[in-house]
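I opened my notebook for an afternoon of looking things up in a structure. These are my entries, in the order I made them.

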Amino acid sequence: MTAATIRLVAISFLALLFCGSRALAQDLGSPPSGSVPILYNDHTVYAKPDVLRQGRVLAALVKDGHIYVPLRSMFEEMGATVSVSDDGKTVTALRAGTSVSVTLDKAEVVINGEARPLDVPPIVYQGVVLVPVRVLSEALGAYVQWVPDRRVVVVRYISPPPPPPPATPVPTPVPTPVPTPVPTPVPTPIPTPVPTPPSYTAFVEAAFFAPKNYNEFADGSPYCDSYVVSGAYAPKDSGFAVKVDFRQDGYVTTDNLNAGGNEFTQFDTIDHGAAFAPVFRAMQSTLDGRLEFKIASPRIYVGVGYLHTANNYGYPQLNGVGAGVEKLPDLRQGVSLYGSAFFYPDASGSYLIGNPASPNYGVTYRQEYQIIKYDIGLALVVDHSPLYLYGGFMGDHYGAKENAPIGQIHDGPYIGLGVKL
């Protein structure tokens, strides 16, 4: 036996002494780069034994100071079953209750579900997955040693003995169960649902209104003496409701003409002329009555409406029929939403020119607008009080159709008190 052989046997014997059931941390030194053989349990292992004689593909690779070994051939030598994921990136080995998994380009090894870091990730070399040599020691408790003067990696691994077969348990006699009498179930009475009574049958409310007014007499004039009064009647168990509201808009006309130190309002007339008058307090009112049909809960209606308007400056009183949708307030404890939008396509009235100085004296003109009325707000009921606070934003837009100098807008916020009945 040569001295080299004796030294190799001695190294293998020391490796066997230091092998344990857990991984051992060895200093592998600084091996040179290149391919080197692995001496596993006294025989050489190659990644592809059938290629050995042709291409001399060795089992270990030294790269950048790290030793890589072929995962599949080494783990199969140790009795493990190796599988590869569908994408070919993750390799898993199973043996004796131990699971080892590595992923290409990911510097960690997962042992029995526990991830442990690696100095370098697994790589592919000539079509073979190579892993850092410490995977062998950390995963299966193998002993690994680099022998620099022999340029060989020595791996020692002793398989753990199989566990003894489980003892055959002595069957325990099963006692005969004593039948328990089943009590006759008592049917649970189903409570009869109590219908929720309506929160009101009718309500009346009044509010202070703060609109801006735009027409032939005013250019955004602020309000004065403006208010709104409303009421509704919605009988119990009925799909119909009646709603009425009266609104008065008061404002001071615009002083757009000054003559002799006096302020005047200049405006276009119905007969397509122009006139002026001293600044005055204009009053314009609307009365709106609606018959509505309930289409959804809570208290959502569609309906038809009749609109009547009047003023204190001699212009025609307008009348028209329209339709729209309305959400009445629920007026239960807390806050409830309400709102409406109605369209009157033809609100009209007649005007007789009574000024003898006018070239159109004695001529009657038909004045016509299309009007949209809208309202949205919130009502607040405290406890079970019949009184409630409400407020929101309402208004109307007059679109000029025939013999109307210009369109009109009256809208703004409001706040008031109501009582439900």
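Predicted model: local features only at pLDDT ≥ 70, side-chain atom pairs only at ≥ 80, totals over all residues.

**Entry 1: the whole chain**

I began with contacts (heavy atoms within 4.5 Å). Among those in the protein between residues at least 6 apart in sequence, 60% join residues at least 24 apart. Residues are numbered from 1 along each chain as its sequence is written, and side-chain values use heavy atoms, with hydrogens and water left out.

Next I looked up the secondary structure, taking helices (H or I, at least four residues) and strands (E, at least two) as DSSP runs numbered from the N terminus. The protein comes to 4 helices and 29 strands.

For burial I used relative accessible area: buried is under 20%, exposed is over 50%, and partly exposed is in between (1.4 Å probe, protein chains only). Of the 421 residues, 40% count as buried. The protein exposes about 23,200 Å², and carbon and sulfur atoms supply 61% of that area. Accessible areas here come from the Shrake-Rupley method with a 1.4 Å probe; for residues, only the protein chains shown count as cover.

**Entry 2: salt bridges**

Side chains of opposite charge can pair when their charged atoms come close. My rule for a salt bridge was a side-chain nitrogen of Lys or Arg within 4 Å of a carboxyl oxygen of Asp or Glu. I count 15 salt bridges by this rule.

I looked at lysine 243 and glutamate 326, whose side chains meet in a salt bridge at 2.8 Å, N to O. Lysine 243 lies in strand β19 (residues 240-252) and glutamate 326 in strand β25 (residues 318-327), so the pair ties together parts that are 83 residues apart in sequence. Are these two partners buried or exposed? Lysine 243 is buried at 7% relative accessibility, and glutamate 326 is buried at 4%.

I then checked arginine 247 and aspartate 249, which form a salt bridge of 3.1 Å, N to O. Arginine 247 is buried, with a relative accessible area of 1%; aspartate 249 is buried too, at 2%. I also noted a network: salt bridges with shared partners join Lys243, Asp245, Asp288, Arg290, Glu326 and Lys373.

Glutamate 114 and arginine 116 gave me another salt bridge, at 3.9 Å, N to O. Here glutamate 114 is partly exposed, with 44% relative accessibility.

**Entry 3: rings**

I counted rings of Phe, Tyr and Trp (its six-membered ring) as a pair if their centres lie within 6.5 Å, calling planes under 30 degrees apart stacked, over 60 edge-to-face and the rest tilted. That gives 15 aromatic pairs. How do the rings of tyrosine 369 and tyrosine 398 lie, and what are the distance and angle? Their centres are 5.4 Å apart and their planes are at 80°, so the pair is edge-to-face. It links distant parts of the chain, with tyrosine 369 in strand β27 (residues 364-381) and tyrosine 398 in strand β28 (residues 387-402), 29 residues apart. Tyrosine 369 is buried at 1%, and tyrosine 398 is buried at 5%.

I wrote down one aromatic cluster, formed by Phe217, Phe267, Phe280, Tyr313, Tyr315 and Tyr351.

I also looked for charges over rings (NZ of Lys or CZ of Arg within 6 Å of the ring centre and within 35 degrees of the ring normal). The charged end of arginine 290 sits over the ring of phenylalanine 342, 4.0 Å from its centre. Arginine 299 has its charged end over the ring of tyrosine 200, 3.8 Å from the centre.

**Entry 4: a nonpolar patch**

Patches are made of residues with over 30% relative accessible area and no salt bridge, with like charges joined within 9 Å and nonpolar side chains (Val, Leu, Ile, Met, Phe, Trp, Tyr) within 5 Å. I found a nonpolar surface patch of about 930 Å², with Tyr233, Phe240, Leu287 and Val304 among its residues. Strands β19, β23 (281-296) and β24 (300-311) each supply at least two of the patch residues, and the largest share, 4 residues, comes from β23. Valine 304 is in strand β24 and is partly exposed at 47% relative accessibility.
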